[in-house]
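Hello,

Here is the structure I promised to hand over. Please look through it first; my notes follow below.

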2 protein chains.
Amino acid sequence: MEGFLIVRLVIVGGVAAGTKAASRARRLDPEMEVTVYQEEPDPSISECGLPYFLSGVVREREDLIARTPEQFAEKDIEVLVRHRVERIDASSKKLSVRDLNTGDTFEDTYDRIVITTGARAVLPPIPGAELEGVFKLRFLTDSERVRSYVKEYSPKKATIVGGGYIGLEVAENLCQLGMEVSLIEGQDRVALAYGPEVSERVEAELDAHGVGVYTGEQVSEFTGEGHVQGLKFGGTELATDLVIVGVGIKPNVELAAEAGVDVGSTGAILVDRHMKTNVPDVWAAGDCVQTLNLVSDSPAWVPLGDTANQMGRVAGTNAATGEDTLEFPGTLGTGIFKVFDLGVGKTGLSEEEAAVAGFEVVSAGLSSRDRAAYYPGAGRVFLKLIADRATGRLLGAEAAGSSADKLIDICATALWGRLSYPDLVNIDLAYSPPYGPTLSPVIQAATILSGKFARAKEGVRASE
Amino acid sequence: MEGFLIVRLVIVGGVAAGTKAASRARRLDPEMEVTVYQEEPDPSISECGLPYFLSGVVREREDLIARTPEQFAEKDIEVLVRHRVERIDASSKKLSVRDLNTGDTFEDTYDRIVITTGARAVLPPIPGAELEGVFKLRFLTDSERVRSYVKEYSPKKATIVGGGYIGLEVAENLCQLGMEVSLIEGQDRVALAYGPEVSERVEAELDAHGVGVYTGEQVSEFTGEGHVQGLKFGGTELATDLVIVGVGIKPNVELAAEAGVDVGSTGAILVDRHMKTNVPDVWAAGDCVQTLNLVSDSPAWVPLGDTANQMGRVAGTNAATGEDTLEFPGTLGTGIFKVFDLGVGKTGLSEEEAAVAGFEVVSAGLSSRDRAAYYPGAGRVFLKLIADRATGRLLGAEAAGSSADKLIDICATALWGRLSYPDLVNIDLAYSPPYGPTLSPVIQAATILSGKFARAKEGVRASE
């Protein structure tokens with residue numbers, strides 16, 4: 001067996017990053033032992049689908065499970081669900097694992113380990129948060145609890161606490177169930193990651209679908225006997241039969257930190273471009289790690305499924321080869337969500353985020369049709385481009401409306417290529433009447449930016 | 001009036017490039033005289049909408065006219081329709097213009113001139129092409145003739161000659177009118193600008209909608225008494241009540257050439273990046289000019305409405321300032337069309353075009369869902385990425401299916417930024433279940449390319 005050692009790879013966490021890392025490692029090294037520990041009852045859950053599972057738009061729990069433990073076994077990947085890794089001893093390369101079925105603890109060893117412990121929902125310390133009928137929504141099990149509760153109690157009034165994208169997706173899905181839905185947001189507008197023009201459009205969309213929106217309000221108490229019946233904020237008490245709290249998530253870093261893994265300024269695990277931590281033979285990926293925002297060049301924590309998947313590929317590859325084979329360069333913070341008929345997306349920095357990152361910006365927003373004026377069925381879309389006043393470099397984009405997903409992906413690609421606004425004025429995008437106006441809203445917005453920059457320059461010249 | 005001269009700008013042609021140039025010049029220089037001569041009865045026609053006007057998807061001719069002469073007059077732009085510029089004398093800066101209403105000719109002068117004479121449909125010299133019921137489709141007047149003919153004769157069988165995008169769009173629109181439609185293409189497949197995988201999908205879509213497709217067939221004769229009743233190809237005679245010929249267009253360069261303007265290797269007018277011709281104070285833009293394909297770095301002639309619009313902006317600006325204020329860098333040859341429920345688009349070079357341009361390529365094609373597997377209503381889309389074997393640079397992309405427009409615009413932006421396939425593996429695009437699979441087909445295809453390049457390298461190493 002000289003020169004031939006079977007490497008044991010352990011992956012802690014079995015959602016997007018973990019299962020991707022496992023599959024990738026298995027593919028690259030058919031000899032390696034690959035074991036995945038997953039605390040929840042299922043691996044490879046599509047967490048982004050959970051809001052749609054509430055309403056039944058996604059019908060079966062199985063639809064959200066990309067691959068079962070049995071299917072992983074066929075690929076020679078051992079997936080142990082309901083197993084919690086409680087301790088990693090990096091010096092001896094040992095793990096302590098609790099089997100949640102039996103409650104027993106056992107020891108395992110690893111040669112290389114990938115930490116993909118994800119993130120957890122934050123529940124604010126509001127009195128009454130422990131009442132039945134108050135839920136968070138992070139795991140498939142959470143969704144199943146909500147579904148059971150809905151089946152048992154047929155709630156008529158639902159309240160969502162938190163106006164971020166998960167709260168907004170949940171609002172749509174609870175409306176689909178015929179509930180009267182309210183949404184409470186502590187800040188003065190929903191969709192805070194976006195500029196106010198987008199927040200306005202989201203609030204109008206909620207309003208158009210009968211969702212009661214309360215902004216600038218902090219829930220002070222959930223009330224009810226046994227199960228939730230109301231909640232208090234400001235001077236108001238709102239009757240409610242169901243509450244879903246979506247006020248934020250935080251990375252699960254405790255296990256890694258106790259093993260000596262450094263945590264970054266965002267509170268997530270520190271990794272290099274190869275997804276390596278500071279501890280030898282320990283990689284990390286997914287919602288638990290910190291990455292780089294490629295626009296602001298500053299640390300970022302962006303817990304999103306697609307990013308987790310890409311990171312998992314890099315971590316799994318490098319853990320399999322034991323080398324710095326692949327790199328994950330960082331993120332643009334690109335994201336999109338749907339709320340009723342409105343697509344809402346962004347990439348790069350909002351104006352507010354750009355200011356925090358030290359940029360002075362010029363921005364241009366416009367509302368455009370999503371196809372030729374004469375082609376029937378046109379929707380409207382709002383697009384804002386944000387550029388660096390000093391260099392003209394594109395810093396971010398936001399869109400709301402039909403074709404928002406397309407416009408954001410164009411802008412994300414432009415950011416990825418570090419393009420500037422003048423590059424977008426003559427960019428050769430695809431035009432045909434059913435697919436857009438003659439000039440894409442991206443080109444239109446870049447042309448407006450072009451005018452603004454020209455006038456700013458003239459202003460400077462005139463004052464010289 | 002010392003140092004203050006009113007400049008007279010004449011624009012020859014009033015469709016996309018011409019009217020854009022006029023509007024832009026007017027905006028930049030409120031003093032300038034701006035006159036547009038347009039041979040057809042209307043200016044600023046949306047030519048891309050003509051197929052949809054046949055079927056009534058676009059109902060009124062007015063829907064296709066972005067601005068009437070009266071509306072231009074309000075902006076102090078003189079638009080003279082049914083006026084043909086017959087001669088430009090660049091040495092004396094004089095024009096000879098025929099008023100097609102009266103038949104009279106008159107002389108005009110210019111200080112600066114923009115030539116936007118567009119392109120015309122080529123009618124192949126097939127016996128019987130002069131029969132009533134045989135049409136080309138280039139101008140609004142052509143569409144109106146077809147509509148009148150349809151109204152008068154209620155044709156049941158229609159035949160389209162030419163399987164390019166216009167022929168394919170027309171096929172869909174004639175089917176919408178309830179006609180039995182056949183399409184005849186001289187080459188061995190339709191949509192020749194694309195690879196065979198796309199052609200197959202287009203042919204399947206035509207077939208699914210009952211269009212009879214005959215490839216590799218040359219029409220030898222149109223038959224009929226007075227109006228068309230049939231056509232012959234190979235050994236076959238096909239009965240038909242209506243024929244639309246869409247076998248190609250060519251640039252209108254004769255007027256410019258006679259004025260001493262150079263014509264390029266593509267047969268279109270030669271301009272520099274500022275849309276200037278070789279003749280002083282003569283600019284040109286739109287379907288009549290040659291530009292640069294930015295991928296192959298070779299001359300290109302790409303007669304498309306959006307490109308014409310962008311060129312018109314540059315030509316109009318520079319003609320207004322009399323300086324090289326703006327640049328039009330060139331084209332990627334990006335295009336898209338819809339045929340029934342299939343979106344078909346491309347950007348950059350097809351494999352065949354890449355080979356002609358001297359590239360050795362690696363390509364990756366895949367068929368993907370256009371949203372998360374569990375999200376209802378998913379369509380499918382085919383995507384092919386084409387990369388330079390030597391450098392990994394992305395050279396082109398083709399897509400067919402739902403969301404083809406989005407994927408092509410992502411790839412066009414990547415080409416515009418001169419990205420390579422490894423850049424696309426970790427690109428941060430927008431994901432949410434209603435808008436795409438977890439990893440965009442662009443990322444999936446780039447990942448496949450990545451594997452192919454890696455194996456090619458290993459193959460080289462193994463053989464070393």
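S143(A) touches L50(A), F53(A), L54(A) and L137(A), leaving out residues up to four places away in sequence; contact means heavy atoms within 4.5 Å. S143(A) sits in helix 4 (residues 140-153) of chain A. Its relative accessibility is 0%, so S143(A) counts as buried (buried is under 20% relative accessible area, exposed over 50%, partly exposed in between, with a 1.4 Å probe and protein chains only).

This is a predicted model: local features need pLDDT of at least 70, side-chain atom pairs count only at pLDDT 80 or more, and totals for chains, interfaces and linings use all residues. Residues are numbered from 1 along each chain as its sequence is written, chains are lettered from A and ligands numbered from 1 in the order in which they are written, and side-chain values use heavy atoms, without hydrogens and water.

Next, strand 22 (residues 335-339) of chain A. Helices (H or I, at least four residues) and strands (E, at least two) are DSSP runs, numbered from the N terminus. In strand 22 of chain A, 5 of the 5 residues are buried, so the strand is largely enclosed by the rest of the structure. G335(A), F337(A) and V339(A) lie on one side, I336(A) and K338(A) on the other.

Strand 22 pairs with strand 23 (residues 342-348) of chain A, antiparallel, over 5 bridges. Two strands pair if DSSP finds at least two bridges between them. I336(A) stands opposite G345(A) in strand 23. The hairpin has 2 residues between these strands, and F340(A) takes a positive phi near 55° there.

Best wishes
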